[in-house]
Amino acid sequence: MRNEVRQLRTVMGLSQQELGRALGVSRQTINAIEQSRYDPSLPLAIRMARYFGKTVEEIFHVD
């Protein structure tokens, strides 16, 4: 699943560590999501969307 996490994170000037801390996950989880090696759970996807002020659909794209 493609996603816009890296773009949104860099626009906000956040490191993977900072974003992970804000969302309650590890830096490795953020990296795996950005690399499309891991699809987040629905609760995590919703937390990410709320954090970025976007909808889940604006962040995650089913290929």
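User: How much helix and how much strand is there over residues 5–59?
Analyst: This is a predicted model. Over residues 5–59, the chain is 69% helix and 0% strand.

User: What does UniProt list for residues 5–59?
Analyst: An unreviewed UniProt entry lists them as "domain: HTH cro/C1-type".

User: On to the helices. At what angle do H2 and H3 pack?
Analyst: Helix H2, residues 16–23, and helix H3, residues 27–34, pack at about 105°, and their axes are 8 Å apart. Because angles of 65 to 115 degrees count as roughly perpendicular, H2 is roughly perpendicular to H3.

User: Which residues make that contact?
Analyst: From H2, the contact involves Gln16, Gln17, Leu19, Gly20 and Leu23. H3 contributes Arg27, Ile30, Asn31 and Glu34.

User: And how do the residues of the contact divide by type?
Analyst: Three are nonpolar, four are polar and two are charged.

User: Changing topic: how many aromatic pairs are found in the whole structure?
Analyst: The search finds one. The pair consists of Tyr51 and Phe52, with ring centres 5.5 Å apart. Their planes lie at 80°, so the pair is edge-to-face, given that angles over 60 degrees count as such.

User: Is Phe52 buried or exposed?
Analyst: Phe52 is buried, because its relative accessible area is 10% and the cut-off for buried is under 20%.

User: And what about Tyr51?
Analyst: Tyr51 has a relative accessible area of 32%, so Tyr51 is partly exposed.

Conventions:
Residues are numbered from 1 along each chain as its sequence is written. This is a predicted model: local features need pLDDT of at least 70, side-chain atom pairs count only at pLDDT 80 or more; totals for chains, interfaces and linings use all residues. Side-chain values use heavy atoms; hydrogens and water are left out. Axes are lines fitted to C-alpha atoms, for helices over the stretch in contact, and angles run from 0 to 180 degrees between N-to-C directions. Helices (H or I, at least four residues) and strands (E, at least two) are DSSP runs, numbered from the N terminus. Angles under 35 degrees count as roughly parallel, over 145 as roughly antiparallel, 65 to 115 as roughly perpendicular and the rest as oblique. Contact means heavy atoms within 4.5 Å. Ala, Val, Leu, Ile, Met, Phe, Trp, Tyr, Cys and Pro count as nonpolar, Asp, Glu, Lys and Arg as charged, and the others, Gly among them, as polar. UniProt positions are given in the numbering used here, feature names are shortened, and annotations may be inferred rather than shown by experiment. Rings of Phe, Tyr and Trp (its six-membered ring) pair if their centres lie within 6.5 Å; planes under 30 degrees apart count as stacked, over 60 as edge-to-face and the rest as tilted. Buried means under 20% relative accessible area, exposed over 50%, partly exposed in between (1.4 Å probe, protein chains only).
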